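Here is a friendly walk through one protein model, written for a reader who likes to know the cut-offs behind each word. Please have the viewer open as you read.

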Amino acid sequence: MSDEIKFVVQELNKPPYKKNLNIITFDSLEPEQLLQVLNDVFAEIDPKNRLDVREEEPEAMAVRMLGMLRLLQYRPPDHAMQDFRAGLVAGEKHVVQPIIAWLLQRPDDLKKRAYLAKYLVKVDIPQEFLGDADISEVYGKYEHLVEQFKEVHRGYEALQNSGYSTSELRRDMAAMEEERDLLTQRIAKSKQRVQSNPGYEEALVSARNLRLQKEKQKEIATQRTNILEANETAKQRLRRIEEQIRDLRKASIGTTPDAIIRRLEEDLNVNNYMVNEKLPRDLKNLEEQVATLTNISRMPALGQDDINAINARIEATVAEVNSLNALRMKEVEDDAGDESKMGKLSFFRQNAAMIARRKQQTADRLTELRGELNSTYEELKEKQDQLQQFSGEEVLRGEEFKRYINNLRNKSSVYKLKKAELSDLKAEFGVLSRTQEILKAKEAQMNEQLSSMEAEQGVSGYRAARDTMEAVSSQKGDVDQEKGEALEQISSMVMELNNKIGDRKSRLAPIIKELRPLREQQQALAVEHAERKQSYDSTAAGLDSTVGKLERDVNALYDEIMKKETQYHQLAAQKQVLEFRQQLADNEIKLYLSNDPQDKKKSCREQLVTLVAEQEKQGKQLRELQKKVKDQVADSGKQLVMWQDVIRLMEVKRQCLEASRNTGGHMMRNSGSEALVLN
């Protein structure tokens with residue numbers, strides 16, 4: 001994921017985006033900003049998406065972006081398929097970042113796809129509207145224009161992929177003209193130099209004849225090589241056929257017509273068994289499996305209770321089958337006497353069942369071995385084709401391989417002899433090199449002695465001047481000879497080039513004639529390929545949209561199934577509650593209709609009647625108590641006021657007593673009154 005983010009940041013920092021982001025700032029972008037980046041990438045692919053996502057409704061933006069992704073054939077990951085739309089609208093990183101990375105990896109292809117989709121994705125018109133003549137005519141013109149656009153675009157792609165460039169052709173033509181002028185000048189100069197020599201025409205004719213003879217010799221050598229290769233190939237084929245004949249003869253030793261007929265009868269019996277018994281039985285089993293799976297697919301969704309019930313039925317059925325088998329075996333044991341018909345047939349039945357089982361196992365093994373043999377033959381054929389493609393030779397077998405080993409051994413012995421000779425030559429080369437060094441040293445000494453003698457005689461440098469003159473004369477002769485040879489070579493080369501050009505033209509003429517229809521065929525195939533590819537792309541886009549729609553339908557059906565299962569469980573719980581209430585009601589009716597007083601007392605009705613009576617009694621008592629309380633409210637209120645006055649009076653007395661104590665007075669109490677006397 002980090003590599004993907006790094007790639008996205010690098011691409012967004014390049015023109016034409018130039019976002020100046022790094023990994024941290026890109027990862028910290030808000031959802032709205034991330035959607036704007038995605039929209040900018042869409043705008044580079046298709047300019048009609050160049051707008052501000054803040055000014056667009058979320059639903060309209062989601063529809064536009066999803067339509068763009070569908071045209072570009074983007075497929076979200078399987079694990080994010082369900083939440084893809086919601087994640088795209090919300091601008092979640094785990095949804096938007098992979099889309100941006102995918103778009104930046106192939107911008108050129110996506111631009112081309114968006115450009116073609118604008119013209120090739122047909123407008124969907126309902127069939128009921130196509131019944132109108134005007135609409136049908138306009139739609140037909142529209143389809144004709146789409147096909148015309150396909151042809152024009154196909155021709156444009158063919159011209160782009162042809163590899164021809166006018167500038168390159170012009171440069172090649174200019175270079176060829178320069179080479180032609182240079183060759184013309186050289187030929188003219190060579191003719192001027194050579195024409196003054198005697199015997200020019202005869203030498204030119206001789207050179208031409210020599211060149212023709214050399215070309216014929218090369219052609220004859222090529223033909224001889226081809227004939228030798230064809231001869232060797234024919235010999236190898238002959239050896240293979242002879243080896244096959246020997247193998248067939250060895251295999252036919254000891255065989256008689258009766259044995260061949262018996263073998264053919266056995267093969268016929270095996271094939272009859274396979275066709276009449278095994279294959280129909282396998283076909284019937286497969287049909288039963290298909291029918292079972294079809295019934296299972298048509299069945300409604302099963303809950304855990306249904307599964308438990310089915311498992312219980314299966315266990316009961318298995319137990320019943322086991323018990324029936326046990327009873328049958330017991331009957332067979334009881335009837336196993338010599339005079340019992342069951343005892344006589346049980347042995348043959350067991351043998352027949354065993355033979356049928358072995359026969360079935362053998363047939364299965366035969367089918368498996370035939371499949372392995374066919375796969376081995378296919379693998380062998382593939383390996384032989386690969387070997388023929390890589391090496392151009394076939395695998396050696398039998399006598400050919402032995403002959404190849406003998407040749408290899410002979411070559412190995414020759415190699416050892418040559419290696420020994422090479423070692424001797426290397427040793428001799430060492431001796432000669434040492435001898436050469438000694439002779440060079442002696443020559444140097446003699447040259448020194450000659451130089452000293454020339455100096456004594458007063459002619460120093462004579463020997464060097466003589467050697468120089470001899471070298472110059474020899475070089476002049478060599479140069480003249482080289483000039484003559486060069487002129488001859490140039491003339492022969494010119495003639496050879498002209499002849500080669502003529503021969504090549506004559507050889508290439510039929511090939512060019514054959515190549516023209518092949519080029520036309522290639523162009524037609526290229527056009528057909530582009531058309532098929534375009535049809536494939538449009539079909540793939542339609543299938544992707546269909547798959548997306550089906551996935552949405554499946555998700556909706558899955559949600560509906562979950563809701564239905566929830567409703568089913570709720571209804572099952574309500575059913576249990578209602579059944580329990582129904583059971584209580586039935587019990588209540590039984591107790592109510594019973595003649596036993598004790599049972600009637602147990603009934604809920606009687607208990608409720610008793611409880612209602614008790615509650616009514618309590619309510620009556622409470623109402624009487626409420627009435628008494630209401631009657632006592634007035635008297636109690638008066639008493640409350642009197643007691644409050646008493647409390648206030650006592651409080652005043654307490655205050656007066658405290659005041660008298662503080663001022664030095666004393667309290668006088670008489671009968672029925674009190675007085676405070678101050679000192």
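## A histidine in helix H9

His-153 sits in helix H9, which covers residues 133–161; helices (H or I, at least four residues) and strands (E, at least two) are DSSP runs, numbered from the N terminus. His-153 is buried, as its relative accessible area is 14%. Buried stands for under 20% relative accessible area, exposed for over 50%, and partly exposed for what is in between, with a 1.4 Å probe and protein chains only. Once neighbours within four places in sequence are set aside, the contacts of His-153 are Lys-112, Tyr-115 and Leu-116, where contact means heavy atoms within 4.5 Å.

## Where the values come from

This is a predicted model, in which local features need pLDDT of at least 70 and side-chain atom pairs count only at pLDDT 80 or more, while totals for chains, interfaces and linings use all residues. Residues are numbered from 1 along each chain as its sequence is written, and side-chain values use heavy atoms, with hydrogens and water left out.

## The chain as a whole

The protein chain contains 18 helices and 2 strands. Of its 679 residues, 13% are buried. Among contacts in the chain with a separation of 6 or more, 53% are between residues 24 or more positions apart.

The chain exposes about 55,100 Å², and carbon and sulfur atoms supply 56% of that area. Accessible areas here come from the Shrake-Rupley method with a 1.4 Å probe; for residues, only the protein chains shown count as cover.

## H3 against H6

Helix H3 (residues 31–45) packs with helix H6 (residues 93–105) at an angle of about 25°, and their axes are 10 Å apart. Axes are lines fitted to C-alpha atoms, for helices over the stretch in contact, and angles run from 0 to 180 degrees between N-to-C directions. H3 and H6 are therefore roughly parallel to each other: the term covers angles under 35 degrees, with over 145 being roughly antiparallel, 65 to 115 roughly perpendicular and the rest oblique.

The crossing of H3 and H6 is left-handed, so named if the near helix is turned anticlockwise from the far one by less than a right angle, and right-handed if clockwise. On the H3 side, the contact uses Leu-34, Leu-35, Val-37, Leu-38, Val-41, Phe-42 and Ile-45, which meet Lys-93, Val-96, Gln-97, Ile-99, Ile-100, Leu-103 and Leu-104 in H6. By class, the residues of this contact are 12 nonpolar, 1 polar and 1 charged. Ala, Val, Leu, Ile, Met, Phe, Trp, Tyr, Cys and Pro count as nonpolar, Asp, Glu, Lys and Arg as charged, and the others, Gly among them, as polar.

## H3 against H4

H3 also packs with helix H4 (residues 58–71), at an angle of about 45° and with axes 12 Å apart. That makes H3 oblique to H4. The crossing is left-handed. H3 brings Leu-35, Leu-38, Asn-39, Phe-42 and Ile-45 to the contact, and H4 brings Met-61, Arg-64, Met-65, Met-68 and Leu-69. Its residues divide into 8 nonpolar, 1 polar and 1 charged.

Which phi value does Asn-20 have? Phi of Asn-20 is near 55°, a positive value in a residue other than glycine. Asn-20 lies in the loop between helix H1 (2–13) and helix H2 (23–27), and is exposed at a relative accessible area of 68%. Gln-73 has a positive phi too, near 65°; its loop runs between H4 and helix H5 (84–90), and at 22% relative accessibility Gln-73 is partly exposed.

Leu-584 belongs to helix H16 (residues 462–593) and is partly exposed, at 44% relative accessibility. Leu-584 is 20 residues from Cys-604 in sequence, and their C-alpha atoms are 9.3 Å apart in space.
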